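Open your viewer and get the selection tool ready. We will go from one stop to the next, and at each one you will hear what to pick and what is there.

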Amino acid sequence: MYAVDARGQGAVPTLNAIDYRNGVYSIPLLVTDKGINERMVATVKRPAGTSWMLDAMFLFGSVFASALPYVTGLGFYSDDWSYNSVLAQVSPQSLIPMLRALFLDDADIRERPVQAAYLALRYKAFGPHPLPWHIADQVVLGLAVAAFYLAMREVLEDRPLAFGVALVFGMLP
């Protein structure tokens, strides 16, 4: 159950030695001090259940639901037209030629290679149809809001405040 540490002085618990009861992990440690072994138990509190998952799922659903009234009426706008025209003319319709065409057409997209890959993959998956594009955008936004919530929960250490901040972020236009 125990492995001797690199200095040969103490013992490190193996996975079998870790005990979980009533929401607390107990990790037995053997401490060597001048040849005397004392047994200590370090306890680590487990995160509060699955509330973080339910919160993240609610935030994701809220972001997605907020787009339902208008997402079917959206079309392409702004730079979507230029990117679509570039991607439509690429032959063959594979990822590398699509990325090359985007990089050659727009100097700004060279500074954002992840966006170029996202545009190319989205065009390859959905073609020139705006509804699936906007649904994919809502999924990405919902995942970003959920990740933002989890980060804020760690930073702020206050679940209601982190939830509120993430919800406001997700509802911004």
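**Stop one: a pair of charged side chains**

Select Arg159, which counts as partly exposed at 38% relative accessibility; buried means under 20% relative accessible area, exposed over 50%, and partly exposed in between, with a 1.4 Å probe and protein chains only. Before going on, note that this is a predicted model, where local features need pLDDT of at least 70, side-chain atom pairs count only at pLDDT 80 or more, and totals for chains, interfaces and linings use all residues. Residues are numbered from 1 along each chain as its sequence is written, and side-chain values use heavy atoms, with hydrogens and water left out.

Asp55 lies in helix α1 and Arg159 in helix α7, so the pair ties together parts that are 104 residues apart in sequence. Asp55 is buried, with a relative accessible area of 9%.

**Stop two: helix α1**

Now select residues 51–71, which form helix α1. Helices (H or I, at least four residues) and strands (E, at least two) are DSSP runs, numbered from the N terminus. The 21 residues of α1 reach 30 Å from the first C-alpha to the last, close to the 30 Å expected at 1.5 Å a residue; the expected span is 1.5 Å times one less than the number of residues.

Colour the buried residues of α1, among them Ser51, Ala56, Leu59 and Val63. Then show α6 (130–156) and α7 (159–171), which are included in what covers those buried residues.

**Stop three: the other charged pair**

The structure holds two salt bridges, so keep the selection tool handy. Pick Asp137 and Arg122: their closest N and O atoms are 2.5 Å apart in a salt bridge. This pair links distant parts of the chain, with Asp137 in helix α6 and Arg122 in helix α5 (residues 113–126), 15 residues apart. Asp137 counts as partly exposed at 25% relative accessibility, whereas Arg122 is buried, at 7% relative accessible area.

**Last stop: the whole chain**

Zoom out and colour by secondary structure. The protein chain has seven helices and five strands, running β-β-β-β-β-α-α-α-α-α-α-α from the N terminus on. Of its 173 residues, 27% are buried.

Key:
Contact means heavy atoms within 4.5 Å. A salt bridge is a side-chain nitrogen of Lys or Arg within 4 Å of a carboxyl oxygen of Asp or Glu.
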